[in-house]
Amino acid sequence: MSPNRTAKIISGKELSAEIRAELKVDVSAVAKAKRTPGLAVVLVGEDPASQVYVKSKRRICGELGINSYAHDLPVTCTERRLLNLIAKLNDDPKVHGILVQMPLPEHIDEQKVLNAVDPAKDVDGFHPLNVGKLLNGEEGFVPCTPAGCIEMLLRSGYDPAGKHVVVLGRSNIVGKPVAALLMQKAPGGNATVTVCHSRTKNLSAITKQADILIAAIGIPEFVKSRMVKEGVIVIDVGINRIPDKTRKSGSRLVGDVDFESVSKKAKAITPVPGGVGPMTIAMLMKNTVEAARRSN
Ligand code: NAD
């Protein structure tokens with residue numbers, strides 16, 4: 001390890017502000033040509049983390065001039081009631097995007113709910129039709145966190161084309177779609193992709209080969225400096241709360257990467273917080289504006 005290297009910080013805070021400024025212009029253009037973009041944000045229950053995410057999504061809608069429609073349902077809400085609401089939002093011409101905040105209470109089938117959203121309003125990109133389109137390389141809606149990861153790389157000058165990208169995690173919301181995007185024969189793609197997961201053997205031998213490492217496993221500070229090569233570019237998707245007695249709140253957020261040690265070896269790295277998180281919201285807004293632009 002070279003002790004003197006300090007990685008460039010890829011700031012999601014700064015990049016997302018740049019994107020939001022661009023989107024503000026797009027929102028007024030769409031509003032003039034068609035109608036003001038509208039996003040319905042559905043929250044079921046009172047999960048504190050979900051409440052925080054929903055609050056910032058609604059706030060940023062306001063900042064960009066996107067109409068935000070709040071639907072807060074009690075934790076006891078039935079699956080039928082939620083599906084009825086989605087059917088109403090699907091038919092509402094003022095609503096261009098529908099976001100159902102996950103996770104849902106256990107008595108509600110998440111996939112059934114995601115399948116009920118009109119694919120043309122599926123700004124989260126989780127409907128099977130959009131998942132299929134992504135794999136086919138067709139125009140649809142791309143999930144926001146994976147899209148945010150690619151956008152961060154491109155806007156920071158780290159084009160994944162021709163690079164070996166190692167993805168840690170194979171979830172439907174991050175690992176799989178980010179791997180699909182990286183494989184595309186399109187800008188932001190053309191990478192050689194290896195996907196690792198909980199059953200991968202000799203993980204370090206693989207992560208050490210990465211030119212770009214994308215970590216999305218949900219284990220605090222899992223990736224250590226001995227697991228990466230000198231000069232790697234690191235995108236840390238993880239958001240984990242760990243106890244910290246020095247903080248007033250008694251806890252703090254960390255990623256899936258041990259920032260302290262890995263940043264001494266990496267060429268560039270995203271911080272947590274202030275990394276992928278704000279990019280996810282920016283991409284949600286981008287998808288909403290796009291949905292409004294495509295609407296009749
Ligand atoms: P998940 O729990 O659905 O999936 C975790 C994945 O990690 C699984 O595919 C599993 O196989 C893999 N995994 C688990 N242990 C492993 C190990 N030891 N080695 C290699 N792989 C292993 O998680 P998720 O929903 O994809 O989220 C991952 C992390 O990203 C979480 O911390 C989550 O909070 C965060 N996240 C952040 C954003 C954002 O906007 N920044 C968005 C979504 C998720």
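Guide: A nonpolar core is a set of buried Ala, Val, Leu, Ile, Met, Phe, Trp, Tyr and Cys residues joined through side-chain atoms within 4.5 Å. Keep in mind that this is a predicted model.

Visitor: How many residues does the largest nonpolar core have, and which have the most contacts inside it?

Guide: It has 50 residues. Leu39, Ile235 and Met285 have the most contacts inside it. Helix α10, residues 276-294, gives the most, with ten residues.

Visitor: Why is this core said to lie between domain 1 and domain 2?

Guide: Domain 1 (34-120) and domain 2 (143-277) both give residues to the core, so it lies between them. The C-alpha centres of the two domains are 28 Å apart.

Visitor: What does Met285 touch, not counting residues up to four places away in sequence?

Guide: Its partners are Leu23, Leu39, Lys57, Ile60, Cys61, Leu64 and Ile66. Another core lies apart from the largest one. That one has 20 residues, among them Leu89, Ile98, Val100 and Leu114.

Visitor: Why is Val257 called buried?

Guide: Its relative accessible area is 2%. Buried means under 20%, so Val257 is buried. Val257 sits in the loop between β10 (251-254) and α9 (259-262).

Visitor: Which residues is Val257 in contact with, leaving aside neighbours within four places in sequence?

Guide: Val257 contacts Ala215, Glu221, Phe222, Val223, Val234, Asp236, Val262 and Ile269.

Visitor: Why is Val52 called exposed?

Guide: Val52 has a relative accessible area of 54%. The cut-off for exposed is over 50%, so Val52 is exposed. Val52 belongs to helix α2, residues 48-64.

Visitor: What makes the nonpolar surface patch of about 270 Å²?

Guide: Val52, Tyr53 and Ile239 make it. A patch residue needs over 30% relative accessible area. Val52 is at 54%.

Visitor: What makes the pair Asp211 and Lys229 a salt bridge?

Guide: Their side chains meet at 2.7 Å, N to O. The limit is within 4 Å, so the pair is a salt bridge.

Visitor: Which parts does this pair tie together?

Guide: Asp211 lies in the loop between α8 (203-207) and β7 (212-215). Lys229 lies in the loop between β7 and β8 (233-236). The pair therefore ties together parts that are 18 residues apart in sequence.

Visitor: Why are Asp211 and Lys229 called partly exposed?

Guide: Asp211 has a relative accessible area of 23%, and Lys229 has 30%.

Visitor: Why is the pair Glu260 and Lys264 called a salt bridge?

Guide: The N to O distance is 3.6 Å. The limit is within 4 Å, so the name applies to Glu260 and Lys264. Glu260 counts as exposed at 55%, while Lys264 counts as partly exposed at 32%.

Visitor: How many salt bridges does a search of the whole structure find?

Guide: The search finds 16. There is also a network of salt bridges linking Glu18, Glu22, Glu151, Arg155 and Lys286.

Terms used:
Residues numbered from 1 in each chain as written. Predicted model: local features only at pLDDT ≥ 70, side-chain atom pairs only at ≥ 80, totals over all residues. Heavy atoms only, no water. Domains from an automatic or database assignment. Buried < 20%, exposed > 50% of the residue type's maximum accessible area, 1.4 Å probe, protein only. Helix = DSSP H or I, 4+ residues; strand = E, 2+ residues; numbered from the N terminus. Contact = heavy atoms within 4.5 Å. Patch = residues over 30% accessible without salt bridge, like charges linked within 9 Å, V, L, I, M, F, W, Y side chains within 5 Å. Areas by Shrake-Rupley, 256 points an atom, 1.4 Å probe, with all protein chains shown as cover.
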